[in-house]
Amino acid sequence: MSARKENTKGKANSHRAQNKNDDDIMNTNDSSIVSKRCVSKLYFPDEPDFYEPFVGKYVRRNPLINRGYWLRMHVIEQVIRQFLEEDNGKRKIVINLGCGYDPLPFQFWHRHAAVSQNCTFVDVDYPQLIERKRDRIMTSDLLRNALLKTNLRPSEGNAYLRSDKYIALGCNLSFPEVLEADLRAELDLSSCSVLFVAEVSVTYMPLACSAALIKWANTLDDARFCLLEQYLPQGPNHPFAKTMLAHFNKIQTPIQAVDKHPSLDQQAARFLNADWPTLSICRSLWDLWSDDAFTPSQLRRGLDAVEPFDEWEEFALFAGHYFLLVASNVKPGVPVQSNIPDKPKANVRDITTCSVIASHVNSEDSPPTPRRFGAACPVANNAVAFHGGQGKEHRLASMDILGRGEYVSNAQPCSMPHARVCHTITSFAQDEALLVGGRTSPSQALADCWRMNGGEWHRAQDLVPARFRHSSTKIRIPYKESGIDAVLVFGGKRSDGIILGDWCIWIPDKGWQNIPVVGSRPTARFGAAISSMVFAQDRGLIVGGADLNGAVLDDVWLFHIDAAPHLQLTFTDLTDEIQRLIPHCGYSRFGASLLPFGQSLILIGGISKKEILSSSNDFLIISCGASLEVTKAELHIPESAYPLLVGFSAAPISSDEFIISGGGAVCFSMGSFWNEGFLSISTVHKSKIDMPVSVPWSIAVILRTEIDVKTQPPEQPASAKGKGKGKGKSKSKSKGKGKGKTRTETRALHHPTVTAIPRLKIQSSEDFTQLLAASKPVILEELDIGPCTELWSLDYLKEKIGPDRELVVHECGSDRMMFKDKNFQYVKKSVGNFFAGIESGEKTYLRAVSASQPNKLPTKLEDDFPTIAADFILPDIMNIVRENYHSSPLRISGPVSLWLHYDVLANVLCQVKGTKTLQLYPPIDAKYLDFPPGGSSSNVDVLASKDARLRHTHPHIAALSPGDVLFIPPMWAHTATPSEGTSVAVNVFFKNLGLGYAAGKDVYGNRDLQAYENGRRDVERISKAFKSLPSDISKFYLDRLVAELQEKADRFGTS
């Protein structure tokens, strides 16, 4: 009896465990359908929202997720469409195995109505999910009406919905015999062509069950099987694969198929062993992405118009770990086709391998700052600098100095360029380097350039147009005997997505100039690798990159610069030669680095054209003497320490050694991977004397002194073009009052410590309420403020607002407006003239006022600019702002700074277009900022003033990009300066204090609190009470009252 109970209990536990596993698998559908809805709304805006009945709330995913799901949806659509277009005279059946809430039949009836006429779509999933899907279809007018047109019939058995063109079957795929019975009860399978579609579904099944399902599907007379799921091209220990597997294990849905079928070869064998005679496709999604026949270049190019995108490495990693396989039993004997690499041509030889000395250093006591897509350069013998990049929470402006010996410990703090990614830093002389461009966001490229000399940064001439993902190398211009060292820059990407193909050279003390090209040349590209040769620095190689269609290029060029009779470049195409040496295009890379290495060049990491690079192909040594030679560099380091070579930075520490630090990737929606420590790689020819292994590595993290940078505005860089007054002044300072101290030390005496305002991602209104309670400024990221961030170009705003509408704007003759001096005037301008002036560099600024009663009513976007108001959305998590709403002024600014002021109302500043930098001061700094009695505008120009009192302040810096939302608490003084381009923003003011506001009108949100207004009247009354007394006695008592008030103020400050 007890044995029977134990057996019954065991079965119950097993049943519960199975149900739990089924629920976990179904939950993966909930996440994917939200992402697919986002793709549908963004990329198919004119199409009905077929996903809305299945998704409670629209959530905008980030561009990486959107593009990944777009590609998944695209390849499935391509396979089904091609199947439906086959003219074999048979009715078609498309069976979606593990369909979830995917509205695929409804999409095909809408997009491909003609070829769908002769097809029945069958959705198959767990009965409980299909039941919910039926209910949502039938309660949606859109879906129900489409279904009624297909002759809807009463449901029977496991068919929850039945019509001539659609069937929804509730069936566990682990029982193919049940599925077959249900299908044959509804359809004449023997007379139809059948396509099974399994998009990331059967991979969650036990291997025996998925194998049985695949084998059973082949028993039908005319069948095809389309499988899209994950695989492990470089095994389970590849960083992306490891992160992906850990994610699915964590959510209790382990990927089963990769245990037995991790590679494409094994996935192909999986079907061939199940007696499927033909494979028409067996390729990674990354391979299919750049196949013009499968994903046309025009289609790929059009995606960038939907939303800016620059997550190419992460996209390639995702797409390179998913594959598409299409098997068929229709044409026995057709050879298997897949993306298994072609056999090397007869004249292609195997690449030889050479060893290099590699060591991985991971100091827990002083690790390098985690950063991706930064830039690096040597700064002295045995030291390398790593600057900028994307950190774990925000973009970085800091710099790590990594080196051996005492150099790092002697490094001094210094001002640096502001935070950025995808820029370059090129060393062109001993301890001198040039930083070029980069970006804040994919739609905000940077034009500024900075020269580093002896650890100090100085503004150099801008490189226009602004660019990121460009290529940069040191080059020597032939001139007399020694030559001139310069920096050569090629290509890159602009803010508007245009790919550049220009060649520019920066010469110290002369600045930038474009170089003409004689003869053939590389096409425009971004993300290419470039380096001059070690033995002849007037020439070098450029390898790979990507074109405007997002495809990795497989060409290699030798460039040569000549100065006679004038500067010019010539190119030699080495593509055919290198293709004979390297099979499978292993050299074609995007986001790789190319560095001098001994007497050769070494190509490092990046993403390849078709597949995920193996560790054996990560490092290629290219020698370019009388002929081209290529060898693989073999690293002997523990597999656990092997880095993910995307987003990394690398720089030589000597002629025979280089350092790799940083890098990693966002692994789609499955987590992030960050490289730890750093790699030192050197040639085997480097002697032990040159390798001071006994000298430990050390790291210094140098933060940016932001206030120094603000004294060098982009319009008039202090050291523009490399020479002139700015340069002369720096020399005199270092020799004058410093009295032996370094320039950095002298600056530290004059300027306070600057704090970067933190960046946060919040998930709920409760999170936002907590931020309000803390009353500290914070930049909120990844909030949806509506389509304004994409739409509000000046042309769009002019059309929508009306070019002839008159606005009152500030017009200034200086680059900084000062309220005390009133160095600006209020003028009326038409929208067309105002925008034209901004585009031509006029220093004008709009702070919108009420269109109907500007002196009585606060401005509100919905009242004063109704034609654009719907484009701007206050995020739902800011309901408290909406409930206490005061005003929402539109702000449009040319190249001019706003004076320092504070607002009594709290506000959220939503940056829509352009970039802007704000400098904020906490309320405790008010006594140093010269606010006149009863005034909220300061008389101090904090951007230029040398007032000693400012040393006691606590400035905070916020660098805003489109989509950023800055919370500014009450009484935090602030000034704002556009960083690049026209700045467009919306302030939303609101009352966050329960009481205390002054009665009456407050048009601008800066009327002081009632208690202060009353207090000022009391001060006047108290002062008058002492007028009849001798002045010394009056001062005695007034000073005592001031001290008492100060004591009470201090108590408030510490409570």
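Here are some numbered notes on the structure above.

1. First, the ground rules. This is a predicted model, so local features need pLDDT of at least 70 and side-chain atom pairs count only at pLDDT 80 or more, while totals for chains, interfaces and linings use all residues. Residues are numbered from 1 along each chain as its sequence is written, and side-chain values use heavy atoms, with hydrogens and water left out.

2. The overall picture: the chain has 27 helices and 52 strands (DSSP runs numbered from the N terminus, H or I of at least four residues for helices and E of at least two for strands). Of its 1055 residues, 55% count as buried (under 20% relative accessible area; exposed is over 50%, partly exposed in between, with a 1.4 Å probe and protein chains only).

3. Take the open sheet of 5 strands, ordered β24-β28-β27-β26-β25 with mixed pairing (two strands pair if DSSP finds at least two bridges between them). β24 (517-518) and β25 (529-532) are at the edges with a single partner strand each, so one side of each has no neighbour in the sheet.

4. Inside that sheet, β26 (residues 539-543) and β27 (residues 556-562) run antiparallel and are joined by 5 bridges. Leucine 541 sits opposite leucine 558 of β27.

5. Is asparagine 675 buried or exposed? Buried, at a relative accessible area of 12%, even though asparagine 675 is in the loop between β38 (672-674) and β39 (678-682). Setting aside neighbours within four places in sequence, asparagine 675 has contacts with Pro643, Leu644, Gly662, Gly663 and Gly664 (contact means heavy atoms within 4.5 Å). A polar atom of the asparagine 675 side chain is 3.0 Å from the backbone oxygen of glycine 662.

6. Threonine 369 is another loop residue, between β10 (357-361) and β11 (375-380). Its relative accessible area is 19%, so threonine 369 counts as buried. Leaving out residues up to four places away in sequence, threonine 369 touches Leu396, Asp400 and Val701.

7. Isoleucine 1033 lies in helix α27 (residues 1031-1054) and is partly exposed, at 35% relative accessibility.

Notes
Polar contact = N/O pair within 3.5 Å; in protein donor to acceptor, adjacent residues only side chain to side chain.
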